[in-house]
Amino acid sequence: MKPITRSQFFHQGLSGLAGWGFSSLLPPNGQTISKAVKITQVKAFPTKRATYVKIETDAGVSGWGEGDHDHPVMVAKVVTEIGGPLLKGGDPFQSEFFWRQLYFHAEDLGQSGLLPGAIAGIDNALWDLKGKLLNVPVWKLLGGAGKDRIRVYGSFGRTDGNRRKTPDEMAAE
């Protein structure tokens, strides 16, 4: 029996999943996605109340994430100046590796505040990106739905003076 490589083993394992309805997890034309897609850009967009992170790839697909709500301009700096160089050229499916690299590379920033807020935005953007690349909703990648319905809440911007804004008013902003 001829030995197979780890890559062949992994691909054959995914091929076996196709019969169970997981064909959407397979890369197109038998390619491995991690070799086909690389991160090209990490951008941060600070707003008054949050930091949004956009991770772009050479495949033209991008993922979005939301970072910490405190000190958005400083969180954006951590995303672009620390996260950007670590992620550029990397495989977007290596999110656990990137999380550890970011956390331990910049641990002097502390275990709360700027660093975890920046990592959250990057991690969310990577999950969004993986879902788009695989054409699978992120909730499925994270283990599936535990409930059919959930209540929605707003974490900031819910009030206008003494009155609560409606969902439509919040969406219009």
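In which strand is Ser 62 found? Ser 62 belongs to strand 3, which covers residues 62–66. The model is predicted.

Is Ser 62 buried or exposed? Its relative accessible area is 17%. Buried means under 20%, so Ser 62 counts as buried. Now look at what surrounds this serine. Neighbours within four places in sequence are left aside here. Ser 62 then touches Lys 54, Ile 55 and Glu 56, and also Asp 128, Leu 129 and Lys 132.

Turn next to helix 5, residues 114–134. Its partner here is helix 3, residues 72–87. Two packed helices are described by the angle between their axes and the distance between those axes. For this pair, the axes come within 9 Å and cross at roughly 60°. That angle makes helix 3 oblique to helix 5. The crossing is right-handed.

Which residues make the contact? Helix 3 supplies Met 74, Val 75, Val 78, Val 79, Gly 83 and Leu 87. Helix 5 supplies Leu 114, Leu 115, Gly 117, Ala 118, Ile 122 and Leu 126. By class, 10 of the contact residues are nonpolar and 2 are polar, with no charged residues.

Helix 4 spans residues 95–105. Its buried residues are Ser 95, Phe 98, Leu 102 and Tyr 103. Seen down the axis of helix 4, these buried residues fall within an arc of 125°, so they line one face of the helix. An α-helix has 3.6 residues a turn, so residues three or four places apart point the same way. What do the buried residues of helix 4 pack against? They pack against strand 1 (39–46), helix 3 and helix 5.

Conventions: Residues numbered from 1 in each chain as written. Predicted model: local features only at pLDDT ≥ 70, side-chain atom pairs only at ≥ 80, totals over all residues. Heavy atoms only, no water. Axes fitted to C-alpha atoms, helices over the stretch in contact; angles between N-to-C directions. Helix = DSSP H or I, 4+ residues; strand = E, 2+ residues; numbered from the N terminus. Parallel < 35°, antiparallel > 145°, perpendicular 65-115°, else oblique. Left-handed = near helix turned anticlockwise from the far one by under 90°. Contact = heavy atoms within 4.5 Å. Nonpolar A, V, L, I, M, F, W, Y, C, P; charged D, E, K, R; others polar. Buried < 20%, exposed > 50% of the residue type's maximum accessible area, 1.4 Å probe, protein only. Arc of directions from axis to C-beta.
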